[in-house]
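Please look over the model below before reading my points.

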Amino acid sequence: MRVKKQGEAEGYFIEELRSIFPDIPIFSSLDMHTSMTSRMHSNCDGFVGYKCAPHTDCFETGEHAAKMTINTLENNANAKSAWVRVPILIAGEQSSTSVETMIELIRALRECERKEGLMAASYLMGFSWADNEDGSIAVYVVADGDLELAQKEAVKLAELIWAKKDNFSFQTETYHEKEALDVVFEAVKEGELPIYISDSTDFLKLIMSDNRTDTLRKPIIYGGIYDPIATKQCEGRVGEVITLTFGAKFDTATSSPITTTGIVKAYIKNWSRKGKI
Ligand SMILES: [Zn+2]
C-alpha cells in the first residue's frame with residue numbers, strides 16, 4: 001500500500017511494530033503482488049506470499065505465517081530471510097497461477113519449501129500499476145538458522161523467473177481501444193453475448209460516438225465509474241432527465257470526464273454488503 005507523503009505503508013507499520021516489540025518475532029503473510037522494500041525486509045522475521053492468483057489461498061498463507069511464528073516461539077526456529085530483487089515489471093493480470101508460466105514457478109516454490117531447513121519461499125510479483133521506485137518482482141526465502149541456504153535458494157528461484165521473463169502474457173483478449181470496438185461489433189453480429197470490456201471513461205466516449213452503438217438491439221451496461229460528486233447530483237432525481245459531467249475523478253492521467261444527458265434510473269443510499277438500501 002502507498003500513502004501520500006509517506007510512501008510505503010507496510011514498511012512503516014512493521015518498523016513501528018518492531019520498535020515497540022524489539023524481541024518478539026514478527027511474521028506476516030503478503031499479497032502475491034507485494035512490492036518488497038528494504039524497510040519491510042529489515043524489520044520482519046519472515047514473510048510468505050500467496051501462491052494463487054486470483055488469491056484463493058489467503059487462509060492457507062495466513063496459516064503458514066502463523067506456523068512460522070509458532071515454530072519460532074515454541075520450537076526455537078531461527079528464521080533467516082533472503083531477498084532477491086529481480087528487475088522485471090509485469091501487470092498483475094499476467095500472473096494468473098492457473099496457466100503457464102506461473103504454474104511452473106509456483107511448483108518450484110512448493111518444491112523449495114519441502115526441502116530440509118526451508119520455512120517459506122515466495123515470488124512477490126510487485127504492483128507495477130502503483131508506479132514507484134520499489135516496483136519489481138522479488139524472490140523471498142525464509143530458512144531456519146541458515147542464511148546462506150536462504151540466499152542460495154532465493155538466487156535459484158530468481159534465475160528461474162528471469163529465464164521465464166518473456167513468457168508472461170495476458171490471459172484475456174487485449175486490444176487497443178478502436179480495435180476492441182471492431183472486435184466487439186463483429187462478435188455482436190455473430191451473436192456472441194454477453195461481452196465484457198474493461199477500460200476507462202475514454203472508452204465510454206468512444207462507444208457513445210460510434211454510430212454502430214445505435215444499431216444494437218440490446219443495451220450496453222457500463223459499470224464502475226468512481227465519482228462521488230456526480231453520484232450526489234443524482235440524489236432525489238430518480239426518473240428525471242439530467243445533464244451530468246462524470247468520471248476521471250480518480251484517474252486524471254489517462255482518462256477525462258464525460259458530459260452527457262440521460263435518465264437517473266436508481267439512487268442507492270447507505271449501501272452495505274447486507275444489501276440494506
Ligand atoms: Zn494481489
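1. Contact here means heavy atoms within 4.5 Å. Leaving out residues up to four places away in sequence, S95 touches M32, H33, A53, I90, M102 and M125.

2. A word on the source. This is a predicted model, in which local features need pLDDT of at least 70, side-chain atom pairs count only at pLDDT 80 or more, and totals for chains, interfaces and linings use all residues. Residues are numbered from 1 along each chain as its sequence is written, and side-chain values use heavy atoms, with hydrogens and water left out.

3. S95 sits in the loop between strand 5 (79-86) and helix 4 (102-114). Helices (H or I, at least four residues) and strands (E, at least two) are DSSP runs, numbered from the N terminus.

4. Why is S95 classed as buried? Its relative accessible area is 0%. The cut-offs are under 20% for buried, over 50% for exposed and in between for partly exposed (1.4 Å probe, protein chains only).

5. S95 has polar partners. Its side chain makes a polar contact with the side chain of H33, at 2.8 Å. A polar atom of the S95 side chain also lies 2.6 Å from the backbone oxygen of G92. A polar contact is a pair of N or O atoms within 3.5 Å; within protein, one must be able to donate a hydrogen and the other to accept it, and residues adjacent in sequence count only if both atoms are side-chain atoms.

6. W162 belongs to helix 5 (residues 147-163). W162 counts as partly exposed because its relative accessibility is 39%. Beyond its neighbours within four places in sequence, W162 contacts V86, P87 and I88.

7. The chain is divided into domain 1 (2-167) and domain 2 (177-263), with bounds from an automatic or database domain assignment. Their C-alpha centres lie 39 Å apart.
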